[in-house]
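Subject: Structure handover

Hello,

Here is the structure I said I would pass on. My notes on it follow below; please read them with the model open beside you.

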Amino acid sequence: MNKGINLSYSNIDTPSTGISWINMTKDKRILLLESSIQLFSTEVDISVIDANENGQVSIIINSSIEINDRGAFLLNLEENLKNTIDVGINIWHEAIGDKSSLRNLRGIEVLS
Amino acid sequence: MSESVMTNDGELILDSHKLSYHMDRVNSWEAGERIGPVTVDMSLTRACGAMCSFCYAMMQEPQERRGIKTDHILHLLDDFAEVGVKGVSLVSDGESTLSKAYVPFIKHAASLGINVGNATNGWEWGPEKSEQVLPHMSWIRFTVAAGTPERYAEIMYKGPEHTEVFDKAMKNIKHAVAYKKKHNLGVTLGIQMVLMPEFKDEIIPFAKLGVELGVDYAVIKHCSDDEYQTLGIDYSKYEAMYELLDQAEALSTAKTKIIVKWDKIKDKGKPSYKRFYGPPFLLQISGSGLVAPSGMFFNARYSKLHIGNFTNERFIDIYNSERYWRAMNYLASPSFDAQTMMGTLPIQHYVSTALDNHIKGTKKIIAQNGDKPLHVNFL
């Protein structure tokens, strides 16, 4: 039975982005990502807000999507982008700042 | 393992892990089987009356918060028992003592044989509350940011003039120490200082305060930061404090041990592992109800790793879902790099380091026989 955790990658490096991705302008990367995302899903509205040379991509989900479905949807999307654009892509949603008014008195802004 | 300290109550391990006492889970995990967490770290709310400058909760806002009601937590504990959870620590991203579910949670956990620990500022933990829960607790760890009232109030609240919060905490801690002694309770009482380099002037006063209070231990630990250094922790500055930390440890007495979490402090914020194997053993749940593998991933930024919310779906169904195991497997895959894609020194750090070394064969986890340490179900 092998339904648990795959332990065969402990020594494997995380893939880096390829030359063609690195040589692309940020605007071109974003356009490419947005067109791929459109092909992947027409039901969920997603904006790409950043796409770095190292493959770290920031997105915002504009549609309402239940938490039960959101994670799997985003993992599927990332897998699709790795397969169709560059294996070094990792997608992250835009960060949200603390909603605690008291803690916010500290003036800490979540960086990204 | 094991970096342990002998207290009057028994062997205390704070600067290592306890996987050696849970080899059934380790062996099942290694065999590719699905395992239930030994420990869950969670909060009953994201609210808190303090505003600690070192608080990681400032970086843990998820996409939605849901109120956790007593019914939710009773079901949750039943589900924990079903999947084999042995210990629950109420730490995570909020002040659980503020929740109406706090006392029922602890009593129900005790009735199920699940051990409970709690980290708290102690401000809303007067005798009417503490006396209800102390007999059922394995440990209580009070966050005490400094040894002097003014610095305490400055770091944990609105400014140095608000020493009333220090006074309230001290009163409640002293009561707990006396209550434990009077009723000969097994609960371990400690205080904790989360050390940022700018707090170094408070290291010795904190250690002295621990001795004065008569708690079982006073621990000094690193401060976690996210991968973007939102809190701006400069880990290179910790080394300059080693001598002071040694001096603090030397203040230990027969009653009160001063403990420095050297292993994490010396790691300087960079783990040895690339894959993050700890969460299946030590799961974290947010005070928003969010179930995610680790508190490192509570923020909306990590939405792809958000598995579910136990207030709108039973935990047992979340645990048994493919999405639970997919998120856990993502962290074990090359797509995830623990050195660059998450914050520093998570609660699963010791466990993850040990499991990574075990899998690589550099240091195998070996079963421990004989007397168990204190709090063995808190990995």
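The lining of the largest pocket is made up of six nonpolar, twelve polar and five charged residues. Please keep in mind throughout that this is a predicted model. The pocket holds about 480 Å³ of space. Its lining has 23 residues, and those nearest the centre are A:Asn52, A:Asn54, A:Gln56, A:Trp92 and B:Tyr228. Three strands of chain A, namely S1 (46–51), S2 (56–61) and S3 (90–93), each supply at least two residues of this lining. S3(A) has the largest share, with three residues.

Next, the cavities. How many cavities of 30 Å³ or more does a search of the whole structure find? The search finds five. The largest cavity contains about 1,100 Å³ of space. It is lined by 49 residues, and B:Val91, B:Arg141, B:Gln192, B:Lys221 and B:Ile347 are the closest to its centre. Seven strands of chain B each give at least two residues to that lining: S2 (10–13), S3 (39–42), S5 (115–120), S6 (139–143), S7 (188–194), S8 (217–221) and S10 (282–285). Which of them gives the most to the lining of the largest cavity? That is S6(B), with three residues. Sorted by class, this lining has 25 nonpolar, 15 polar and nine charged residues.

The second largest cavity has about 50 Å³ of space. Residues of both chains line it, including A:Ile67, A:Leu75, B:His306 and B:Arg323. Helix H3 (67–84) of chain A and helix H11 (322–331) of chain B are the elements that give two or more residues to this lining. H3(A) provides the largest share, five residues. By class, the lining of the second largest cavity divides into five nonpolar, three polar and three charged residues.

Now the nonpolar cores. The largest has 131 residues, and B:Met42, B:Phe80, B:Phe105, B:Leu245 and B:Ile285 have the most contacts inside it. Helix H6 (residues 164–183) of chain B gives the most to this core, with eight residues. Leaving aside its neighbours within four places in sequence, B:Phe80 is in contact with B:Val40, B:Met42, B:Val85, B:Val88, B:Ile114, B:Ile285 and B:Phe315.

Two helices of chain B can be looked at through their buried residues. In helix H1 (residues 23–30) of chain B, the buried residues are B:Met23, B:Arg25, B:Val26, B:Ser28 and B:Trp29. They pack against helix H12 (349–360) of chain B. Just after H1(B) comes B:Gly32, with a positive phi of about 85°. In helix H5 (residues 149–156) of chain B, the buried residues are B:Arg151, B:Tyr152, B:Ala153, B:Ile155 and B:Met156. S6 and H6 of chain B are among the elements that cover them.

There is also a hairpin in chain B, formed by S1(B) and S2(B) with two residues between them. Strand S1 covers residues 4–7 of chain B, and the pairing of S1(B) with S2(B) is antiparallel, over four bridges. One of the bridges joins B:Val5 to B:Leu12 in S2(B).

Some single residues are left. Phi of B:Ser92 is positive, near 45°, and B:Ser92 is not a glycine. You will find B:Ser92 in the loop between strand S4 (87–90) and helix H3 (102–112) of chain B. B:His375, also not a glycine, has a positive phi of about 55°. B:His375 sits in the segment after H12 of chain B. Is B:His375 buried or exposed? Its relative accessibility is 14%, and buried means under 20%, so B:His375 counts as buried.

A:Leu31 belongs to helix H2 (residues 26–40) of chain A. Why does A:Leu31 count as exposed? Its relative accessibility is 58%, and the cut-off for exposed is over 50%, so it falls in that class. The C-alpha atom of A:Leu31 is separated by 9.9 Å from that of A:Ala51, which is 20 residues apart from A:Leu31 along the chain.

Regards

Key
Residues are numbered from 1 along each chain as its sequence is written. Chains are lettered from A and ligands numbered from 1 in the order in which they are written. This is a predicted model: local features need pLDDT of at least 70, side-chain atom pairs count only at pLDDT 80 or more; totals for chains, interfaces and linings use all residues. Side-chain values use heavy atoms; hydrogens and water are left out. On a 1 Å grid over the protein atoms alone, a cavity is a set of points where a 1.4 Å probe fits but cannot get out, and a pocket is an open set with protein on both sides within 12 Å along at least five of seven lines; lining residues have an atom within 4 Å of a point. Grid points are joined across faces, edges and corners, and a volume is the space filled by probe spheres set on the points. Ala, Val, Leu, Ile, Met, Phe, Trp, Tyr, Cys and Pro count as nonpolar, Asp, Glu, Lys and Arg as charged, and the others, Gly among them, as polar. A nonpolar core is a set of buried Ala, Val, Leu, Ile, Met, Phe, Trp, Tyr and Cys residues joined through side-chain atoms within 4.5 Å. Buried means under 20% relative accessible area, exposed over 50%, partly exposed in between (1.4 Å probe, protein chains only). Contact means heavy atoms within 4.5 Å. Two strands pair if DSSP finds at least two bridges between them.
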